[in-house]
Amino acid sequence: MGAQPTNQRIDIVRLWDTLQDLARIGATSKGGVRRLALTDIDRSGRDRFRALCQKAGLAVRVDAIGNMFARREGRDPTRPPVLFGSHLDTQPSGGKFDGALGVLAGLEVMRTLNELGIVTETPLELVNWTDEEGSRFGYSLLGSGVWAGVYPLEQIQALTDLEGITVGAALEAIGYAGKAAAKAFPADAYFELHIEQGPILEAEGHQIGIVTGAQAQIWYDAVALGQDSHAGTTPPSARRDALVAAARVIALVNRIMRDHGEDGRGTVGQLVVLPNSRNVIPGEVRFSVEFRHPDTAEVLRIAESFPPAAVAAAAAECGVKLELTELFRYAAQPFDPACMALVEEAAARCGYSARKIVSGAGHDAVYVARHIPTAMIFTPCKDGLSHNEAESIDPDQAEAGCQVLFEAVLARANRVA
Ligand code: HGY
Ligand code: MN
Ligand code: MN
């Protein structure tokens, strides 16, 4: 028999106000949010979050990579905490809810417990993971990756953005290079609420996604090296055009994706042309490449075949060298059945329609799941749109997600050890 139904309700008006309040930090003219990791705007969002946590009586600590943990004591301090949270950093032209929903719904869980005078058996810790997006420094799930021991702290601190600023310097500049060790500590479970960022739940009319896991990914940096030369005087036979070579590789990425049907994912999202002058044949082009697939074996097959094919595409006719650096890869990550069951039971108790779903996006939960039992809760988002300033959800969707998070966390934190 699952946990008893609770008639305790989170306060959606308070949650919605807090979401809108945070969205004003980094608000863009098109209704989105730009809170790039470790920028001054990210600092403002972090400061706001810390103040709200402290106002709710939570003890906030920061680790060496800037991950923030807001702790609420339980009845038994010897038991490991139940963790829940997500990320406050956003894409350069991101939305109000990617990441922020999971962090602020977690805060609402804490506030509701305070209001109801509930003390859970285990301690609880609400988490804001550093730089989940990877837009600025190239590694997504950066903070949770260091915490989980996937990336060495020193390697990550030395990463640079396009202006040459390191992660370490940026962390210091915003005052979030914390004292706590950036490594996994004993915890009972981790729950993450997130928007689906895809069309399935909305199309099928479901209020909750019980996330069974996340798909495999591989990310590369690519540099095409040719030769700057005059656009007017350099004949075709003498050109070493890095942009034409990059275009061939981009077409190859698209071909590989489409060869995998509707499960295929291949993207070049970032591209820098040098010297980026209209009458100079570009001698250098730097760009990102990523592939994803629900089946790890497919990503491994791409990891074998893509690099040589890309080098050949760049060399053919273009006489351009291609340097490809693999940044990271991870296999498809399943989530914990017992924690997933708590999500499923919570949705059923609340009367929300739910279905199981695989995450197309990566989430901090993917790396956290390597250390502790982990589950995710999805809510639909309008048209499945995300990583777009028009990203939106309705208050009732936020309420459903937050209520399920509340119930699942409570059930886990109060279970008999
Ligand atoms: O790229 C991702 O999957 C995540 O949204 N950062
Ligand atoms: Mn996210
Ligand atoms: Mn995202």
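Here is a walk through the ligand site and some of the salt bridges of this predicted model. Residues are numbered from 1 along each chain as its sequence is written, and chains are lettered from A and ligands numbered from 1 in the order in which they are written. Local features need pLDDT of at least 70, side-chain atom pairs count only at pLDDT 80 or more, totals for chains, interfaces and linings use all residues, and side-chain values use heavy atoms, with hydrogens and water left out.

Let's start with ligand 1. Around it sit Glu132, Glu133, Gln217, Arg292, Ala361, Gly362 and His387, where being near means having a heavy atom within 4 Å of the molecule. Sorted by class, that shell has three charged, three polar and one nonpolar residue; Asp, Glu, Lys and Arg count as charged, Ala, Val, Leu, Ile, Met, Phe, Trp, Tyr, Cys and Pro as nonpolar, and the others, Gly among them, as polar.

Now for the polar contacts (pairs of N or O atoms within 3.5 Å). A ligand nitrogen is 3.0 Å from a side-chain N or O atom of Glu133, and a nitrogen of ligand 1 is 3.1 Å from one in the side chain of Glu132. His387 has a side-chain N or O atom 3.2 Å from a ligand oxygen. Taken alone, ligand 1 exposes 210 Å², and the protein buries 95% of that (areas by the Shrake-Rupley method with a 1.4 Å probe).

On to the salt bridges, of which the structure holds 25. The term means a side-chain nitrogen of Lys or Arg within 4 Å of a carboxyl oxygen of Asp or Glu. One of them joins Arg136 and Asp161, at 3.0 Å from N to O. Arg136 is in the loop between β4 and α4 and Asp161 in the loop between α5 and α6, so this pair ties together parts 25 residues apart in sequence. Helices here are DSSP runs of H or I with at least four residues, and strands are E runs of at least two. Arg136 is buried at 15% relative accessibility, and Asp161 is buried at 8% (buried is under 20%, exposed over 50%, partly exposed in between, with a 1.4 Å probe and protein chains only).

Glu407 and Arg349 also meet in a salt bridge, at 3.1 Å. Because Glu407 lies in helix α12 and Arg349 in helix α10, the pair ties together parts 58 residues apart in sequence. Glu407 is buried at 3%, while Arg349 is partly exposed at 25%.

Technical notes:
A polar contact is a pair of N or O atoms within 3.5 Å; within protein, one must be able to donate a hydrogen and the other to accept it, and residues adjacent in sequence count only if both atoms are side-chain atoms.
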